[in-house]
Amino acid sequence: MKRCNTCHIDKPLDSFYNDRTNSNDGKRAKCKVCQKAFRRNSKWYRDQHSLEVELKKPLGVYLATFDKGTYVGEGVLYSRERVHKYGRSHVNKGGMKLLDFKVLQYIDNKAIRKQAEKIWIGKLNPSLNALL
Ligand SMILES: [Zn+2]
């Protein structure tokens with residue numbers, strides 16, 4: 001048995017994670033429950049988690065082709081595609097059909113993405129951007 005230094009409850013050794021740097025018993029001072037709670041609240045954990053979320057939501061500049069024109073936009077790609085597909089965006093509220101959705105560039109940084117969007121608009125001259 002070992003007393004957790006956080007919840008102060010005596011628990012069997014298998015309730016503690018191994019810690020080779022602890023020369024006394026090779027176990028952590030916090031029990032597994034307290035260690036998990038500590039980890040969830042740590043900045044490191046939250047940063048890792050938000051990074052994971054970020055990676056699942058690729059950001060970038062895209063070209064959407066509708067039956068009545070083309071549009072260059074930026075943002076969270078999968079949600080922009082969905083919005084255009086179901087006609088819920090300001091671009092195609094009028095009931096345009098999305099024919100194609102192509103990623104032009106993956107860019108995480110918002111300021112750079114906005115710049116890239118302008119460059120792509122200048123380059124491709126999408127008909128719907130001109131109307132908005
Ligand atoms: Zn504990």
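Two residues are in contact if their C-beta atoms, placed from the backbone, lie within 7 Å. By that rule F101, leaving aside its neighbours within four places in sequence, is in contact with Y62, A64, E81 and H84. The model is predicted. Its domain assignment gives domain 1 (2-51) and domain 2 (57-131). The C-alpha centres of domain 1 and domain 2 lie 46 Å apart.

**The three-stranded sheet**

- Three strands make an open sheet, ordered β6-β5-β7, with antiparallel pairing.
- The edge strands are β6 and β7 (98-106), and each of them pairs on one side only.
- From one strand to the next, the twist averages 25°.
- Helix α3 (residues 77-85) packs on this sheet and touches β5, β6 and β7. The direction of α3 makes about 140° with that of β6.
- Helix α4 also lies across β5, β6 and β7. The angle between α4 and β6 is about 170°.
- In general, the strands of a sheet pair through backbone hydrogen bonds, either parallel or antiparallel.

**The β5-β6 pair**

- Strands β5 and β6 pair in the antiparallel sense, over eight bridges.
- A hairpin of two residues joins β5 to β6.
- F66 has G69, in β6, as its bridge partner.
- V61 stands opposite E74, which is also in β6.

**The largest nonpolar core**

- Nine residues make up the largest nonpolar core: V61, Y62, A64, F66, Y71, V72, V91, L98 and W120.
- The largest share, four residues, comes from β5.
- Nonpolar side chains tend to be buried together in soluble globular proteins.
- V91, one of the core residues, touches Y71, H84, L128 and L132, not counting residues up to four places away in sequence.

**F101 on strand β7**

- F101 lies in strand β7.
- F101 counts as partly exposed because it has 19 C-beta neighbours inside 10 Å, while a buried residue needs 20 or more.
- Among the contacts of F101 are Y62 and A64, and both of these belong to the largest nonpolar core.
- H84 is a contact of F101, and H84 is touched by V91 as well.
- F101 and K68 are 33 residues apart in sequence. Their separation in space is 14 Å, C-alpha to C-alpha.

**Helix α4 and the residue after it**

- Helix α4 has 15 residues. From its first C-alpha to its last, α4 reaches 21 Å, close to the 21 Å expected at 1.5 Å a residue.
- Just after α4, N125 takes a positive phi of about 50°.
- N125 sits in the loop between α4 (110-124) and α5 (127-131).
- N125 is exposed because 11 other C-beta atoms lie within 10 Å, and the cut-off for exposed is 12 or fewer.

- Most residues other than glycine have a negative phi.
- H8 has a positive phi, near 60°, and is a residue other than glycine.
- The place of H8 is the loop between β1 (2-3) and β2 (10-11).
- H8 counts as exposed because it has 9 C-beta neighbours inside 10 Å.

**K2 on strand β1**

- K2 is found in strand β1.
- K2 is partly exposed, with 18 other C-beta atoms within 10 Å.
- K2 is in contact with K11, L13, F16, D25 and K27, leaving aside its neighbours within four places in sequence.
- One of those contacts, K27, is 25 residues from K2 along the chain. The C-alpha atoms of K2 and K27 are separated by 9.3 Å.

Notes:
Residues are numbered from 1 along each chain as its sequence is written. This is a predicted model: local features need pLDDT of at least 70, side-chain atom pairs count only at pLDDT 80 or more; totals for chains, interfaces and linings use all residues. A nonpolar core is a set of buried Ala, Val, Leu, Ile, Met, Phe, Trp, Tyr and Cys residues joined through C-beta atoms within 7 Å. Domain bounds come from an automatic or database domain assignment. Two strands pair if DSSP finds at least two bridges between them. Axes are lines fitted to C-alpha atoms, for helices over the stretch in contact, and angles run from 0 to 180 degrees between N-to-C directions. The expected span of a helix is 1.5 Å times one less than its number of residues.
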